[in-house]
2 protein chains.
Amino acid sequence: MNISQIAKLAGVSPATVSRYLNDGYVSKEKKAIIKKVIDETGYSPLASAQNLRQRKSSVIGVIVPKISSESISRVVDGISVELKGSGYHLFLGNTNNNVAEELDYLNLFQSNYVDGVILIATELTPKHMKFMKHYPKPLVVVGQYTELVPCVYHNDKGGARAAVSHMLKQGCHRIAFLGVMEEDVSAGFERHNGYREALKACHIKENPALIYQVDFSITDGYRATQELINSGQPFDGLFCATDNIAIGAMNCLRFNNLDIPGNVRIASVGDSIVSKAIQPSLTSVHLYYKTSGEEAAVIMMDILDKHQSVNKQLRLGYELCERESTY
Amino acid sequence: MNISQIAKLAGVSPATVSRYLNDGYVSKEKKAIIKKVIDETGYSPLASAQNLRQRKSSVIGVIVPKISSESISRVVDGISVELKGSGYHLFLGNTNNNVAEELDYLNLFQSNYVDGVILIATELTPKHMKFMKHYPKPLVVVGQYTELVPCVYHNDKGGARAAVSHMLKQGCHRIAFLGVMEEDVSAGFERHNGYREALKACHIKENPALIYQVDFSITDGYRATQELINSGQPFDGLFCATDNIAIGAMNCLRFNNLDIPGNVRIASVGDSIVSKAIQPSLTSVHLYYKTSGEEAAVIMMDILDKHQSVNKQLRLGYELCERESTY
DNA sequence: CTGAAAGCGCTTACAG
DNA sequence: CTGAAAGCGCTTACAG
């Protein structure tokens, strides 16, 4: 069933059916008969033909490092809700934390399938920069700051600072930090920065012996905590870059018979489901992941539909969720 | 940059470039020169033109009730990994637990964008059946059993039975059940069935006063548990259809100063991150979500690439992960 | 092994 | 307000 057949059934030209489907510059009578035919046949125009002709697909490519991550899937949820409201669809590029695959998708989307790309970014390498500088389609970055294209990012530094300040206020004097790779500017560098700023505000110097770099896993949080304990360095607080790291740390503290928050206070970033569910509940910074997805989609829609291609950098706030682990 | 320009630069016809890109029925010399031109220009053929001509997109539509769910996002992860290996891409239809939107996507994909559809199903209504009966493209269902199209589903009954049998073996006599709507055959009906079968094997009759229906949320798990406690019905075990429900239940038990597992043993289904992280850790049934996604994609690839359209029903196993909450 | 030609199903100036 | 015609960028019989 194609547009010509519909046209024949309705006794009009394909052009008229097309107009009916699009701008609607059609007389009442013809409108009525075309509607009838379309309803009866269940005809819907073939997207690939429309795309070819109009050079537009109403599809947005979304590149994610790992879809089965709580924060990422929340961002995607936000994007999808907003896109749907605007009649757009979502093409998912899941890269399994593989930078090469991320670049592959950026490359693929450059000329295919989608009208614009939302990149949920972890690390922005020089290769990413190159793409961003001359990307032929609208590109919006989520989760990292960049001036090259519009972005929506989180106040990682502020959130971390708030969490650590809160721990200091609760009486911590020696707060260790379990961070992630600094190449991830948001989750690595900025959260470390916030930690440092909070210490500085209390005239405490960062002690390198209390700083550990871990990957994003529960097990590595456990490992690092055990190393910290083994090192003999005294500590009464533990700030973790992510909830998962904190979960591993808590398991390790427990295993070593260290009470939370009695012996060690602990806080982290993410406000995940687990952080509220574990015992003791975990003080954590909420970062509005879903909202960031929605905002990114809004910016994309603005660029696409209103040709408003202002290069805006949107920083979202944070909320410190104080729970039992720091009381 | 299109195929004609490439052809001109290479001094051949567009047909030859096309052949180079596809079957490759081209002489060594021309192959070399075409390769050179393509490498230099970075040309890649426009997907929408190919799709229109070949009536094929190499894209699979994946319909999900909620992408920001741990189990669902794991399934999608599995699908995406497998598809990528076969050169397919993923178009995501997120429906926010809205059956109408689910049907909308089934309808949209019928004639557009994708070569096949993987439906991560919750409830299969008569309208779903209608779609499945005459779907014009390959359709694979994940997470629910159906004979109408190929499906990959979980042994929900077996898993539930194993969990409840284990609780009985641990000494429970009065196990309450917090289930979800029975229209969700897998998570609702079958898990309830498994609970019933385990009781029956021990010659225990199901006591309606110990059966509650809740939604999938933590808060509703809490609510139902409080109702159960308020009812005065004695119980020494609590089997929950999902980990989230169990989390809510555990919080409520704790609030009522009931020890886990001392006063009440508790188990559920999902083996989520939380189930391992909470204190006490939660006995839960692992259901191989990621694998189910991979298997569904494999079936889809078989149908599409090998025209093996056997209507197979694949049931995956389960593993009972016994943890502190039942000891 | 190669090229000219037709056609996939649309949309959009253009002329009326 | 409407239709005939051209064309988006590919691929694929067909003829050579």
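Predicted model: local features only at pLDDT ≥ 70, side-chain atom pairs only at ≥ 80, totals over all residues.
Helices (H or I, at least four residues) and strands (E, at least two) are DSSP runs, numbered from the N terminus.

Residues are numbered from 1 along each chain as its sequence is written, chains are lettered from A and ligands numbered from 1 in the order in which they are written, and side-chain values use heavy atoms, without hydrogens and water.

**DNA strand D**

With five residues, α4(B) gives the most to the surface near DNA strand D. The table lists polar contacts (pairs of N or O atoms within 3.5 Å).

| Side chain | Atom of DNA strand D | Distance |
|---|---|---|
| A:Thr16 | phosphate oxygen | 2.6 Å |
| A:Ser27 | phosphate oxygen | 2.7 Å |
| A:Arg53 | base nitrogen | 3.0 Å |

The elements giving two or more residues to this surface are α2 (14–21) and α4 (47–54) of chain A and α2 (14–21) and α4 (47–54) of chain B.

**A sheet in chain B**

Chain B holds an open sheet of six strands with mixed pairing, in the order β7-β6-β8-β9-β10-β12; strands pair if DSSP finds at least two bridges between them. β7 (211–213) and β12 (319–321) of chain B stand at the edges with a single partner strand each, so one side of each has no neighbour in the sheet. Four bridges join β6 (residues 175–179) of chain B to the parallel β8 (residues 237–240) of chain B, where B:Ile175 stands opposite B:Gly237.

How values were computed. Polar contact = N/O pair within 3.5 Å; in protein donor to acceptor, adjacent residues only side chain to side chain.
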